[in-house]
Amino acid sequence: MHVLLCIVTGRYSSRLYIAYAPLVVLGTLLASLVPVVGFNAVLTSEHFGSFLVFIIIHVVALVYYIKGILSPKMFKVAVTLVVSIGLVVCCAVIAVLVALVASSPTKGWSGRSLSLLDPTYASKYIPIIASVSEHQPPTWPSYFMDINVLAFLVPAGIIACFSPLSDASSFVVLYIVTSVYFSGVMVRLMLVFAPAACIMSGIALSASFDVFTRSIKFQLPGVKGNSQVDAGETSSEGVVAQNEVAKTDKNEEALKERPSKKNRKKEKEHVEKPSVKAQMKKRLLVLPFEASIIAILLLILLGAFYVVHSVWAAAEAYSAPSIVLTSYSHDGLHVFDDFREAYSWLSHNTEVDDKVASWWDYGYQTTAMANRTVIVDNNTWNNTHIATVGTAMSSPEKAAWEIFDSLDVKYVLVVFGGLVGYPSDDINKFLWMVRIGGGVFPHIKEPDYLRDGQYRIDSQATPTMLNCLMYKLSYYRFVETDGKAFDRVRRTEIGKKHFKLTHFEEVFTTHHWMVRIYKLKPQKNRIRGKAKKSRSKASSTTSTKRSETQRKNPWH
Amino acid sequence: MEAQLSVRAILLLSLLPLLSLLARSSSSVSQDIQIVNAERRIDLTSHIVKVFLTLKVENIGSSPVSDIYLAFPPTQVDHLALVKAAATVGKRKKKSYLPLEVNPTELPDAPNGTKYFSISLVNPLSVGETLTIEVLYILTHSLEPFPVEISQSESQLVYYHDSAIILSPYDIKKQTTFLKTPSTKLESFTKVEPTNRAGTELKYGPYENQSPHSFSPIIVHFENNNPFAVVEELVREVEISHWGNLQITEHYKLMHAGARHKGVFSRVEYQSKPSFSGVSSFKNLLARLPPGVHSAYYRDEIGNISSSHLRTDPWKSELEIEPRYPLFGGWKSTFIIGYGLPLQDFLFESPDGRRYLNFSFGCPLVETVADKLTIKVVLPEGSKDPSAVVPFPVEQHLETKYSYLDIVGRTVVVLEKRNVVPEHNSPFQVYYTFNQVFMLAEPLMLASVFFFLFVTYVAYLHIDLSIRK
């Protein structure tokens with residue numbers, strides 16, 4: 001993108017070519033070495049942009065080269081010739097490409113990338129992508145939490161970049177703009193935004209430090225002469241020696257490049273920047289001496305606080321493992337190690353080839369810690385697969401039992417935070433299961449689970465909600481803990497308190513009830529008389545699936 | 001299950017007359033000795049069955065006898081963890097015990113697979129003399145849960161099989177057997193008159209003038225809710241470092257060997273009614289560690305287990321551990337305990353210049369049976385002539401282990417024993433010779449590597465490798 005901009009604005013140089021061409025070639029080669037990427041790097045259309053630019057830059061380089069060796073007249077003739085042939089070839093190539101790309105359903109763009117370009121795309125078409133919390137747009141508090149004072153420094157940095165717009169600074173500006181957009185679409189892409197923000201605030205800081213220190217220098221009587229020499233030297237090193245104005249600009253730029261290299265050094269500053277800007281416009285470096293000193297001290301202080309904040313954020317928000325939870329109470333640290341308790345139970349007390357069904361979030365954990373086969377995990381690409389589990393969770397008990405039985409599942413694992421107030425449990429994720437399940441199996445309809453568009457599990461909840469497997473597995477015998485069945489996450493009493501499970505049995509619940517494991521009850525032995533009855537029932541009622549499994553069984 | 005039981009009972013019953021016949025017809029060892037009085041106390045309160053046997057032996061033969069034989073039915077021999085015997089010396093207040101050597105032996109005319117242990121007397125018992133011998137033997141896995149599977153709310157009932165009459169190759173003039181059960185809840189017991197029951201005690205006998213190899217099978221069915229904690233496999237690795245540390249790493253495979261848990265595990269019942277629900281389950285264990293333990297850890301394959309407490313004082317250390325989940329019948333768990341100990345408390349120099357490690361054998365968990373115990377003593381690199389001295393028979397072999405910066409490897413003395421009970425927690429010694437110089441090998445090696453690295457660099461700086469001047 002930056003290269004394109006440079007070419008359009010006529011800033012092409014051989015340096016640009018050298019920087020870009022090998023990067024694309026090497027980058028693509030290296031990317032295709034990553035097993036997951038493979039040939040996707042050249043096959044999917046997300047990457048066409050860079051290849052297009054790659055072609056363009058070659059054409060442009062060729063044009064410049066020919067321009068150099070031919071006389072202007074000859075050059076004009078050559079241009080008309082080449083352009084006419086080139087256009088025909090290009091058209092043909094583009095037509096082929098378009099045809100190829102159009103033949104794939106999503107136009108060669110994966111859903112994830114499409115949701116980047118159109119933030120509403122995922123929630124409209126692919127609930128599974130939208131369900132991942134990392135793919136949600138970030139909230140403002142999370143921005144402030146993550147970048148803190150950088151939020152003020154970044155605009156200042158952008159302004160500083162524009163004051164003398166060079167190749168390098170325009171690249172940085174483009175970088176920050178695109179990364180801000182992407183991070184606005186997905187929380188996960190905050191990672192892309194972080195280095196850009198660091199560079200920008202580094203620029204802003206160095207610019208402001210520059211201004212302050214210079215104004216101090218100018219006001220110290222004996223040093224004034226020196227600093228003039230200093231400025232002169234800097235400018236003579238630059239390509240163009242101009243007046244005082246150019247000198248300061250050049251100086252600015254030289255300083256700008258440096259912090260961008262050590263971009264990890266996050267630093268500080270805030271409202272000072274507008275005044276800095278005004279100062280630069282005036283091109284007079286006369287801030288009051290005391291004010292500059294105080295400002296520098298403030299900046300250093302701000303930086304120090306930011307370091308403290310970053311360390312805190314890294315320690316508390318990003319390093320805490322999500323499977324071992326801790327809480328501080330009056331009698332000290334309390335550890336909630338329920339996940340590992342459940343996984344360890346699974347690994348020691350179930351058969352090696354038993355399969356465990358759970359929502360896919362716990363797939364990797366179950367595989368790694370419990371060493372059991374799971375139905376869906378965090379890398380399940382098959383949407384139908386996930387939708388099947390979602391459907392089972394949102395179906396009534398019997399239908400769910402049939403689905404799980406057809407998947408050869410022995411155990412069902414649900415995460416329940418209602419007793420201790422752990423908010424990211426399965427009940428809170430349940431709407432996504434309904435949506436994803438409903439996306440593939442239309443008999444699961446989201447409105448059935450919502451009362452007047454609201455998701456609730458109290459006495460106002462819909463009967464579909466109160467009878468679905470997830471509700472039942474989560475709240476089975478929950479009322480016996482406190483007599484009221486008060487859910488601490490949803491802050492309400494649950495709707496249906498006393499019920500029995502007919503097709504599942506509780507085999508393990510962890511100490512704080514965070515993980516509950518149920519076993520599928522074996523199919524009941526059919527006694528003669530009963531078998532007749534059930535068969536007549538099966539034929540009379542609508543449970544076609546049941547009769548299907550009955551028919552299937554003799555062939556095992 | 002039941003079929004098996006009845007088969008066994010029939011077998012044993014049919015043996016009775018046969019045994020006695022056999023014994024009478026050919027008894028080369030028996031007739032010299034008779035047991036004047038025998039008293040047996042069987043402690044059934046935990047899942048480890050302890051039997052205290054007091055025998056008053058008299059030589060009625062014509063020549064001194066130096067060996068006394070104990071007989072065990074084959075079903076018990078398999079579960080026999082330990083047999084200890086001591087002779088009582090002195091009378092009343094001056095009574096003291098003199099430990100005697102006990103060895104398994106074969107007798108030529110052993111009826112129907114009966115196994116024998118011989119007690120070697122220090123001084124042969126001369127004609128007409130009497131001697132009192134105290135025998136302790138311990139049986140593991142001898143309480144058979146019945147019903148085999150119980151649900152969470154039931155308590156655990158077990159069977160104990162034995163004989164009302166002490167199996168012995170000698171005539172026993174008078175004998176009594178006492179059984180002590182953990183609670184007064186006794187489902188049933190076989191009556192062999194006279195049989196008395198009082199509280200938690202069941203008394204069989206006295207029976208008089210029983211001939212050799214008499215047998216009268218009994219079954220006691222009673223409640224036992226003690227934790228049936230069995231370590232299926234325990235590997236203890238003791239690593240000696242002459243820099244002053246003894247590092248112990250213990251790998252446990254724990255199992256609840258009681259009646260299998262069946263059906264539902266309901267946390268709500270387990271938490272709200274602890275006295276009804278899961279009475280036979282256990283959720284914590286106590287490990288008695290040597291004093292001076294430092295840097296103890298308790299973890300499993302997926303990381304630290306936060307539920308443990310270490311209490312130390314100058315005389316003992318106690319580590320209370322909770323597995324990740326309470327263990328019900330048939331449930332398993334694995335974990336690792338590790339700790340360091342100061343070397344000077346365990347490593348000594350013997351008068352002949354060799355060094356020896358004095359450490360306790362056995363499983364540090366209280367009231368636990370270890371089905372298979374492996375102790376690996378990792379000697380420091382360069383030690384020679386290892387030999388182990390263990391107070392009871394164990395399997396031994398040597399291994400080599402490579403650790404960081406090892407060249408020849410460390411000698412590992414491996415001791416293996418099956419069926420280990422807490423009574424095996426007696427000290428054992430591993431002797432070896434070690435030259436202190438070897439301690440410096442690794443630091444010297446590291447230092448020399450760095451030295452040569454720098455020397456090479458210095459040399460490189462001083463050599464001009466360019467072709468053109």
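1. UniProt positions are given in the numbering used here, feature names are shortened, and annotations may be inferred rather than shown by experiment. Helices (H or I, at least four residues) and strands (E, at least two) are DSSP runs, numbered from the N terminus.

2. The model is predicted: local features need pLDDT of at least 70, side-chain atom pairs count only at pLDDT 80 or more, and totals for chains, interfaces and linings use all residues. Residues are numbered from 1 along each chain as its sequence is written, chains are lettered from A and ligands numbered from 1 in the order in which they are written, and side-chain values use heavy atoms, with hydrogens and water left out. The model has an ipTM of 0.84 and a pTM of 0.74.

3. Helix H20 of chain A covers residues 397–406, and its buried residues include Glu397(A), Trp401(A) and Phe404(A). Buried means under 20% relative accessible area, exposed over 50%, and partly exposed in between (1.4 Å probe, protein chains only). After H20(A) comes Asp408(A), with a positive phi near 65°.

4. Ile56(A) belongs to helix H4 of chain A, residues 48–69. Ile56(A) counts as partly exposed because its relative accessibility is 32%.

5. Chain B contains 4 helices and 31 strands. Its C-alpha atoms fill a box of roughly 115 × 65 × 45 Å along the principal axes. Of the 469 residues in chain B, 48% are buried. Among contacts in chain B (heavy atoms within 4.5 Å) with a separation of 6 or more, 75% join residues 24 or more positions apart.

6. The unreviewed UniProt entry places a "transmembrane region" at residues 444–463 of chain B. That span of chain B is 95% helix and 0% strand, and its end C-alpha atoms lie 28 Å apart.

7. The average pLDDT (the predictor's confidence in each residue, from 0 to 100) of chain B is 86, and 93% of the residues score at least 70. Over residues 11–28 of chain B, pLDDT stays under 50, and the model has 21 contacts for them beyond four places in sequence. Where pLDDT is low, the predicted coordinates should not be read in detail.
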